Amino acid sequence: MQQARILISGGGIGGLTSAIALRQRGFSVTIAERDPEWSVYGVGIIQQANVVRAIASLGLLDAYVASAYPFDRIEMFAPDGTQVASIPSPRLAGGDYPAQLGISRPALQRVLADAARSAGTEIRLGASVERFEDDGDGVGVRFTDGTCERFDLLVGADGLYSQTRAAIFPDAPGPAFTGQSVWRYNLPRPAEVECLQAYTGRVGLGLVPLSADTMYMFVTSPEPGNPHVPVEGRAAAMRQRLAGVAPRIAALAEQITDDRAVVYKPLEALYLEGPWHKGRVVLIGDAVHGTTPHLGQGAGMAIEDSIVLADELARHAPEPAFAAYQARREGRCRFIVESSVAVGEFQLGRRDTLDYPALTREMFERTAKPV
Ligand SMILES: Cc1cc2nc3c(=O)[nH]c(=O)nc-3n(C[C@H](O)[C@H](O)[C@H](O)COP(=O)(O)OP(=O)(O)OC[C@H]3O[C@@H](n4cnc5c(N)ncnc54)[C@H](O)[C@@H]3O)c2cc1C
């Protein structure tokens with residue numbers, strides 16, 4: 001199967017990492033990415049220990065770590081600002097590399113896109129699959145620019161609102177709004193923010209270092225009915241969501257002044273029950289298990305999916321490979337989605353208790369196991 005031509009729909013984190021992993025195993029790979037600008041939010045992303053290990057297995061660790069802020073623990077705080085836990089995370093990529101890191105999304109995309117290109121991936125920007133037909137021997141694809149082409153396999157890495165998922169499983173439920181939204185803002189990094197610092201109360205809140213100079217703050221808030229939030233006034237609205245927080249956070253919140261720099265996102269989740277594949281088409285990442293960010297693992301799951309999928313395709317024919325890929329991934333991905341949603345439920349007051357530090361420790365233990 002190594003000579004197979006594979007089309008990946010979606011050039012996000014999952015699409016790029018699967019392209020790299022598949023190229024490394026000798027497959028011919030094309031990415032079709034809908035967005036002609038290939039834009040990503042300017043804020044950052046947390047990469048946990050298992051993700052650093054996954055990036056190591058793709059051979060990208062040096063460029064990745066050089067673009068990031070490394071750390072080895074998560075500090076947790078009560079709502080009044082008292083530190084309640086410091087949870088060490090394992091160095092899964094070897095003693096010379098950090099356990100975890102914070103990285104800006106544009107920097108992560110740069111590292112992955114450079115690697116995908118130099119591995120020989122064909123990347124088509126502004127290209128989408130209009131429709132496809134799997135005839136058992138291959139997948140005939142018609143693109144939105146009217147061109148038609150034939151591939152051996154199609155990987156749907158097209159995110160939470162995956163059109164590939166809708167095409168193969170038209171009756172599958174789509175993502176559901178959880179009742180919360182997240183507000184993010186880049187700020188200068190104070191010297192004492194040397195790792196992810198998260199707050200355990202009903203207001204979900206955290207600081208993530210991204211570089212020597214920069215960090216971002218996130219806050220999750222209840223947003224009943226998922227209202228439209230105009231750009232104008234977002235800075236004041238984010239500050240208002242931070243009313244009553246610990247004094248050091250309140251002091252930082254005064255620097256949230258630029259409406260256009262606030263990145264606002266309603267939180268949605270999805271876990272696809274049943275198969276993640278049909279015939280010669282398979283789904284990865286948010287297309288099958290879109291999670292809320294409460295455990296900082298959504299992209300991590302997409303990256304691990306990529307490695308496992310490539311590994312199985314190098315060993316088996318497509319359908320057994322897809323089944324083996326799903327069998328290796330579903331328990332971990334379900335745990336991440338359900339646990340992340342549970343944190344949000346607690347923050348929304350729909351659960352009486354939740355031991356966030358204990359859940360974080362469990363997340364580290366489970367995800368430290370091999371993929
Ligand atoms: C607020 C927030 C914070 C988060 N923070 C973290 C974090 O700290 N750590 C972490 O690990 N995860 C985090 N995540 C989760 C993470 O962003 C996602 O899990 C990850 O981006 C999923 O990657 P993906 O490639 O599956 O999908 P996406 O990143 O959504 O990429 C899908 C790509 O497909 C393209 N596309 C869509 N439709 C089509 C189409 N029809 N044709 C062609 N292309 C198409 C899109 O333009 C996009 O480029 C967070 C998520 C949110 C919402």
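Helix 2 passes helix 9 in a left-handed crossing, a crossing being left-handed if the near helix is turned anticlockwise from the far one by less than a right angle, and right-handed if clockwise. This is a predicted model, in which local features need pLDDT of at least 70 and side-chain atom pairs count only at pLDDT 80 or more, while totals for chains, interfaces and linings use all residues. Residues are numbered from 1 along each chain as its sequence is written, and side-chain values use heavy atoms, with hydrogens and water left out.

**Helix 2 with helix 9**

- The axes of helix 2 (residues 49-57) and helix 9 come within 9 Å and cross at roughly 35°, where axes are lines fitted to C-alpha atoms, for helices over the stretch in contact, and angles run from 0 to 180 degrees between N-to-C directions.
- Helix 2 contributes Asn50, Val51, Arg53, Ala54, Ile55 and Ser57 to the contact, and helix 9 contributes Gly300, Met301, Ile303, Glu304 and Ile307; contact means heavy atoms within 4.5 Å.
- By class, the contact of helix 2 with helix 9 has six nonpolar, three polar and two charged residues (Ala, Val, Leu, Ile, Met, Phe, Trp, Tyr, Cys and Pro count as nonpolar, Asp, Glu, Lys and Arg as charged, and the others, Gly among them, as polar).
- Helices (H or I, at least four residues) and strands (E, at least two) are DSSP runs, numbered from the N terminus.

**Helix 1 with helix 9**

- Helix 1 (residues 13-24) packs against helix 9 (residues 298-313) at an angle of about 30°, with their axes 8 Å apart, which makes helix 1 roughly parallel to helix 9 (angles under 35 degrees count as roughly parallel).
- Helix 1 passes helix 9 in a right-handed crossing.
- From helix 1, Ile13, Gly14, Thr17, Ser18, Ala21 and Leu22 meet Ala299, Ala302, Ile303, Ser306, Ile307, Ala310 and Leu313 in helix 9, a contact with nine nonpolar, four polar and no charged residues.

**Helix 1 with helix 4**

- Helix 1 and helix 4 (residues 105-118) pack at an angle of about 30°, with their axes 9 Å apart, and the two helices are therefore roughly parallel to each other.
- The crossing of helix 1 and helix 4 is left-handed.
- Ile13, Leu16, Thr17 and Ile20 of helix 1 meet Arg105, Leu108, Gln109, Leu112, Ala113, Ala115 and Ala116 of helix 4, and the residues of this contact divide into eight nonpolar, two polar and one charged.

**The cavity**

- The structure holds one cavity of 30 Å³ or more, a cavity being a set of points, on a 1 Å grid over the protein atoms alone, where a 1.4 Å probe fits but cannot get out.
- The largest cavity has a volume of about 30 Å³, a volume being the space filled by probe spheres set on the points.
- Its lining consists of Thr178, Gln180, Thr292, His294, Val341, Gly344 and Glu345, lining residues having an atom within 4 Å of a point.
- The largest share of the lining, three residues, comes from helix 10, and strand 13 (176-188) and helix 10 (318-347) each supply at least two residues.
- The lining residues of the largest cavity divide into one nonpolar, five polar and one charged.

How values were computed:
Angles under 35 degrees count as roughly parallel, over 145 as roughly antiparallel, 65 to 115 as roughly perpendicular and the rest as oblique. On a 1 Å grid over the protein atoms alone, a cavity is a set of points where a 1.4 Å probe fits but cannot get out, and a pocket is an open set with protein on both sides within 12 Å along at least five of seven lines; lining residues have an atom within 4 Å of a point.
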